[in-house]
Each structure stands twice: as C-alpha cells, then as structure tokens.
Amino acid sequence: MSEYHASLKQWSEEIAKTFHKSEDVLRENVQKERLDEWQENLREFKKLLSTKEPLQDADIYNRANKLYT
C-alpha cells in the first residue's frame with residue numbers, strides 16, 4: 001500500500017470516528033436519506049482501501065473528495 005493510500009485509510013478512520021461521536025447532532029440537522037447515503041459511501045470507500053487490488057490514485061482522490069464535500 002502506498003503512503004498516499006495509507007494516509008487516506010487513516011483519514012477515513014478518523015472521519016468514521018468523528019461521525020459516530022456526532023451522529024446524534026447530525027441526525028437532527030441532516031436528512032436521514034442523505035446521511036445514510038454518505039455513511040454508505042464511507043463504508044464503500046474504507047472497503048476499497050482495504051482491498052489488495054491495485055488502486056488508481058485519481059479514483060481514490062475522487063471518492064475521498066466526494067466524501068469530504
């Protein structure tokens with residue numbers, strides 16, 4: 001795993017922890033469907049980073065950027 005992939009994996013873990021700490025507040029202020037979709041995208045992203053398959057940096061960047069925005 002490249003250093004870039006490892007750093008994004010760590011970033012996604014930190015995002016997941018922050019989400020769980022703030023989930024109640026988020027659920028009060030964000031539509032359930034949007035929040036569920038974002039959470040599913042995060043799960044898929046983390047799964048992608050855990051695969052042994054070669055990953056394209058551009059694809060990983062685009063998915064991370066989608067989560068961020």
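Guide: An angle between two axes over 145 degrees counts as roughly antiparallel, and an angle under 35 degrees counts as roughly parallel. The model is a predicted one. In it, the axes of H2 and H3 cross at roughly 155 degrees and come within 10 Å. H2 and H3 are therefore roughly antiparallel to each other. Their crossing is left-handed. On the H2 side, the contact is made by Trp38, Asn41, Leu42, Phe45, Leu48 and Leu49, and on the H3 side by Asp59, Ile60, Arg63, Ala64, Lys66 and Leu67. Sorted by class, the contact of H2 with H3 has 8 nonpolar residues, 1 polar and 3 charged.

The protein has 3 helices and 0 strands, and its pattern along the sequence is α-α-α. H1 covers residues 3-29, H2 covers 32-50 and H3 covers 57-68. The C-alpha atoms fill a box of roughly 40 × 20 × 20 Å along the principal axes.

Next comes the pair H1 and H2. Here too the axes come within 10 Å, and the crossing angle is roughly 155 degrees. That makes H1 roughly antiparallel to H2. The crossing of H1 and H2 is left-handed. Residues of H1 in this contact include Leu8, Trp11, Ile15, Phe19 and Leu26, while those of H2 include Leu35, Trp38, Leu42, Phe45 and Leu49. The residues of the contact of H1 with H2 divide into 11 nonpolar, 5 polar and 6 charged.

The remaining pair is H1 and H3. Their axes are 11 Å apart, and the packing angle is about 20 degrees. H1 and H3 are therefore roughly parallel to each other. H1 passes H3 in a left-handed crossing. H1 brings Tyr4, His5, Leu8 and Trp11 to this contact, and H3 brings Asp57, Ile60, Tyr61, Ala64, Leu67 and Tyr68. By class, the contact of H1 with H3 has 8 nonpolar residues, 1 polar and 1 charged.

Now for the space among these parts. The largest pocket holds about 490 Å³ of space. Its lining is made of 17 residues, and those that lie nearest the centre are Trp38, Asn41, Lys66, Leu67 and Thr69. Of these, Trp38, Asn41, Lys66 and Leu67 also belong to the contact between H2 and H3, which is where this account began. H1, H2 and H3 each supply at least two residues of the lining, and H2 gives the most, with 7 residues. The lining has 8 nonpolar, 4 polar and 5 charged residues.

Notes:
Residues are numbered from 1 along each chain as its sequence is written. This is a predicted model: local features need pLDDT of at least 70, side-chain atom pairs count only at pLDDT 80 or more; totals for chains, interfaces and linings use all residues. Side-chain values use heavy atoms; hydrogens and water are left out. On a 1 Å grid over the protein atoms alone, a cavity is a set of points where a 1.4 Å probe fits but cannot get out, and a pocket is an open set with protein on both sides within 12 Å along at least five of seven lines; lining residues have an atom within 4 Å of a point. Grid points are joined across faces, edges and corners, and a volume is the space filled by probe spheres set on the points. Helices (H or I, at least four residues) and strands (E, at least two) are DSSP runs, numbered from the N terminus. Ala, Val, Leu, Ile, Met, Phe, Trp, Tyr, Cys and Pro count as nonpolar, Asp, Glu, Lys and Arg as charged, and the others, Gly among them, as polar. Axes are lines fitted to C-alpha atoms, for helices over the stretch in contact, and angles run from 0 to 180 degrees between N-to-C directions. Angles under 35 degrees count as roughly parallel, over 145 as roughly antiparallel, 65 to 115 as roughly perpendicular and the rest as oblique. A crossing is left-handed if the near helix is turned anticlockwise from the far one by less than a right angle, and right-handed if clockwise. Contact means heavy atoms within 4.5 Å.
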